[in-house]
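Visitor: I have a sequence and a model to look at. Please take me through them step by step.

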Amino acid sequence: MEMRGMMGGFYRLSEWIMRLSVTNVLWLLTSFPFWLMMISFLGAKDTEQLKAIIIPLAIVAPFTLFPATSAMFSVARKWVLGDTDVPLLKTFFRSYKSNYLQAMIGGIFYALLFAILIIDFQVYLKQMSGFQLIAYLFIALLLLLLISLLHFFSLLSHFHMKTIQLLKNALILTIGRPIRSLIMAIGAAAVIFMSTKFTFLIPFFFGSIIAVYTFYNFNLVIQKMMLLKEAAETETTSESESESEEEEKQT
């Protein structure tokens, strides 16, 4: 029997807290080596220490963080599309296994780019006097790469495509839908900022909230694109029918 009123609201809220927290914990556990190394990365005091940490971090990420994040996005996709009672453990690990290879290959590509941009940012900011302004260009590139990465995970969880198509479409969505991409970036940044202020969010809600918010925005874009495609096809069909009718009248 479905609970209603205030008690029903508390029950639904507790369900969502459980879903988000369990999925977030699974994500952290399956990518634990990456986060263990990330602690050292955040404590780096100079460029040399940063280089020494970021290279092994970029090596570990494709094999741990990216498959785990792909699995988390697959769970978030189920929720956004209305399947809120999906079994969490089964869905997470099934997606982890089925998408592992593509997530790893995409992870190698993104990890390499992130490592290059972060090192270049630090070099221009701290070691090259007079070129600090260029360092902020790398911040913009990092932001675009991050948005592209979020689109990549959404595409990977939603479509069956080759990895090169996933990467290409992630870039197209990032550039072709700038307003929605900006909204996505602002939301993700807000969650990250809140997590730095309230650190209890990190082990329970940090990743899962970003995944749900990201896929929700991604799904809005896809639905709009599908509607535009259907409208264009309908218009083309109507024009073809009109031309056929005119030809029949002439004959």
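Guide: Helices (H or I, at least four residues) and strands (E, at least two) are DSSP runs, numbered from the N terminus. This is a predicted model: local features need pLDDT of at least 70, side-chain atom pairs count only at pLDDT 80 or more, and totals for chains, interfaces and linings use all residues. Residues are numbered from 1 along each chain as its sequence is written, and side-chain values use heavy atoms, with hydrogens and water left out.

Visitor: How many helices and strands does the protein chain have, and in what order do the elements run?
Guide: The protein chain has zero strands. From the N terminus on, the order reads α-α-α-α-α-α-α-α-α-α-α. The count is eleven helices and zero strands.

Visitor: Where in the protein chain is confidence lowest, and where is it highest?
Guide: pLDDT is the predictor's confidence in each residue, from 0 to 100. The mean for the protein chain is 87, and 90% of its residues reach 70 or more. The lowest mean is 81, in helix α11 (residues 206–250), and the highest is 96, in helix α4 (residues 65–80).

Visitor: Which residues does the UniProt annotation "transmembrane region" cover?
Guide: The annotation comes from an unreviewed UniProt entry. UniProt positions are given in the numbering used here, feature names are shortened, and annotations may be inferred rather than shown by experiment. The record covers residues 54–80, 100–121, 133–159, 171–194 and 200–222.

Visitor: How many Å apart are the end C-alpha atoms of residues 54–80, and of residues 171–194?
Guide: Residues 54–80 are 85% helix and 0% strand. Residues 171–194 are 96% helix and 0% strand. The end C-alpha atoms are 34 Å apart for residues 54–80 and 28 Å apart for residues 171–194.

Visitor: What share of the residues in the protein chain is buried?
Guide: Buried means under 20% relative accessible area, exposed over 50%, and partly exposed in between (1.4 Å probe, protein chains only). The protein chain has 251 residues. Its C-alpha trace spans about 80 × 60 × 35 Å along the principal axes. The buried share is 39%.

Visitor: What share of the accessible surface belongs to carbon and sulfur atoms?
Guide: Accessible areas come from the Shrake-Rupley method with a 1.4 Å probe; for residues, only the protein chains shown count as cover. The surface of the protein chain comes to about 15,000 Å². Carbon and sulfur atoms hold 69%.

Visitor: How many Å apart are the centres of the positive and negative side chains?
Guide: Lys and Arg count as positive and Asp and Glu as negative; His and the chain ends are not counted. Each charge is placed at NZ of Lys, CZ of Arg, CG of Asp or CD of Glu. The protein chain has 19 positive and 17 negative side chains. The centres of the two sets lie 16 Å apart.

Visitor: Why does S74 count as buried, and which residues is S74 in contact with?
Guide: S74 sits in helix α4. S74 counts as buried because its relative accessibility is 6%. Contact means heavy atoms within 4.5 Å. Leaving aside neighbours within four places in sequence, its partners are S95, N99 and S157.

Visitor: Is G207 buried or exposed, and which residues does G207 touch?
Guide: G207 lies in helix α11. Its relative accessible area is 4%, so G207 is buried. G207 and N24 are 183 residues apart in sequence, yet 5.8 Å apart in space, C-alpha to C-alpha. Not counting residues up to four places away in sequence, G207 touches N24, W27 and M72.

Visitor: Which residues is I202 in contact with?
Guide: I202 is found in helix α10 (residues 201–204). I202 counts as partly exposed because its relative accessibility is 36%. Leaving aside neighbours within four places in sequence, its partners are N24, L28 and S195.

Visitor: Is T196 buried or exposed?
Guide: T196 is found in helix α9 (residues 178–197). Its relative accessible area is 53%, so T196 is exposed.
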